[in-house]
Amino acid sequence: MSNSILISSRVRLARNLADAKFVTMLSKKEKEEVKERIHEHIKKDNPFMLDYIDMESLDPVHTGALIEDHTISPEFAENKEGEALLVNHSERLSVMINEEDHLRIQALSSDGDLEKLYEKAKKVDDWFDGAFPYAFSEKLGYLTCCPTNLGTALRVSVMVHLPVLTESGKIGSVSSSLSKIGVTFRGLYGEGSKAYGNIYQISNSVSLGVSEKEIIGLIKRTLSQLEKSEKEMRKK
């Protein structure tokens, strides 16, 4: 999908192991145990060619580089204790181990083919699901540390450049309108960050009670409308 304001796209799936407490309740020893279980799994079977990185071994320069290309979140970089990263840089696939959830599976791209991106992440998800039973409820879907991620636990986000909507002062009303339809409007690095260079991250705010297809459709429609609004303001 061609779009003049689009910078990048990301699909993220949050998953937790059924037989372990949520990350926020784990001791350092328990976090290490979860991390090692996953490490042992990829030693035996690694079809996606994921490199294993112990976060405690990374220096600030390499950590900062991973944040800048959105392979990891700033929160993940703050407390490296008991954390690890699985990454295939060429395929732009990554899995954060023990961030807010046991597994944060991510697939990124520079285009807007969100369906293809979702399928890419889902293959990694299915691979893990075959080895580790997930925490799942028939009523609530995938169980996650934060209630806003319940259900499909799918977060679809796109990075967009909106210079004229920003400079014209319209960005506040745009953000307010999007929140009413279930879309979150954030800065460059997500929650709590600033919109450096007039770059914003938009994503679905709800994953409970909606399907993966509906979430992808919502973000695609939002992206199309944002492009239309930005182009109209540029003409004016």
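Contact here means heavy atoms within 4.5 Å. Helices (H or I, at least four residues) and strands (E, at least two) are DSSP runs, numbered from the N terminus. This is a predicted model, with local features needing pLDDT of at least 70, side-chain atom pairs counting only at pLDDT 80 or more, and totals for chains, interfaces and linings using all residues. Residues are numbered from 1 along each chain as its sequence is written, and side-chain values use heavy atoms, with hydrogens and water left out.

1. Helix α6. Which residues of helix α6 (residues 171–180) are buried? They are Ile171, Val174 and Leu178, where buried means under 20% relative accessible area, exposed over 50%, and partly exposed in between (1.4 Å probe, protein chains only). These residues sit on the same side of α6 because they cover an arc of only 55° around the axis; the arc is that of the directions from the helix axis to the C-beta atoms. As background, an α-helix has 3.6 residues a turn, so residues three or four places apart point the same way.

2. What α6 packs against. The buried residues of α6 pack against α5 (163–167), β9, β10 (199–204) and α7. Just after α6, Gly182 takes a positive phi of about 85°.

3. Thr184 lies in strand β9 (residues 183–186) and counts as buried, at 17% relative accessibility. Leaving aside residues up to four places away in sequence, Thr184 touches Gln201, Ile202, Ser203, Asn204 and Ser205. Gly187 is in the loop between β9 and β10, and it is buried too, with a relative accessible area of 6%. From C-alpha to C-alpha, Gly187 and Asn198 are 8.6 Å apart in space, while in sequence they are eleven residues apart.

4. The α4/α7 pair. Helix α4 (residues 114–129) packs with α7 at an angle of about 140°, and their axes are 10 Å apart. Axes are lines fitted to C-alpha atoms, for helices over the stretch in contact, and angles run from 0 to 180 degrees between N-to-C directions. How do α4 and α7 count, then: what is their orientation to each other? They are oblique, since angles under 35 degrees count as roughly parallel, over 145 as roughly antiparallel, 65 to 115 as roughly perpendicular and the rest as oblique. The crossing of α4 and α7 is right-handed; a crossing is left-handed if the near helix is turned anticlockwise from the far one by less than a right angle, and right-handed if clockwise.

5. Who meets whom there. From α4, Leu114, Glu115 and Tyr118 meet Glu212, Ile216, Ile219 and Lys220 of α7. Sorted by class, this contact has four nonpolar, no polar and three charged residues. The classes: Ala, Val, Leu, Ile, Met, Phe, Trp, Tyr, Cys and Pro count as nonpolar, Asp, Glu, Lys and Arg as charged, and the others, Gly among them, as polar.

6. Further along α7. Glu227 is found in helix α7 (residues 212–235). Is Glu227 buried or exposed? At 14% relative accessibility, Glu227 counts as buried. Its contacts, not counting residues up to four places away in sequence, are Asn3, Ser4 and Ile5.

7. Val158. This residue lies in strand β8 (residues 154–161) and is buried, with a relative accessible area of 1%. Val158 touches Leu6, Ser8, Ser9, Leu114, Tyr200, Gln201, Ile202, Ile219 and Leu223, again not counting residues up to four places away in sequence.

8. Most residues other than glycine have a negative phi, and most peptide bonds are trans. Phi of Asn98, however, is near 65°, and phi of Ala153 is near 60°. Asn98 lies in the loop between β4 (93–97) and β5 (103–109), and Ala153 in the loop between β7 (141–142) and β8. Asn98 counts as buried at 0% relative accessibility, and Ala153 counts as buried at 0% as well.

9. Two partly exposed loop residues. Ser211, in the loop between β10 and α7, is partly exposed, with a relative accessible area of 30%. Asp45, in the loop between α1 (28–44) and β2 (51–54), is partly exposed at 35%. The C-alpha atoms of Asp45 and Gly82, 37 residues apart along the chain, are separated by 22 Å.
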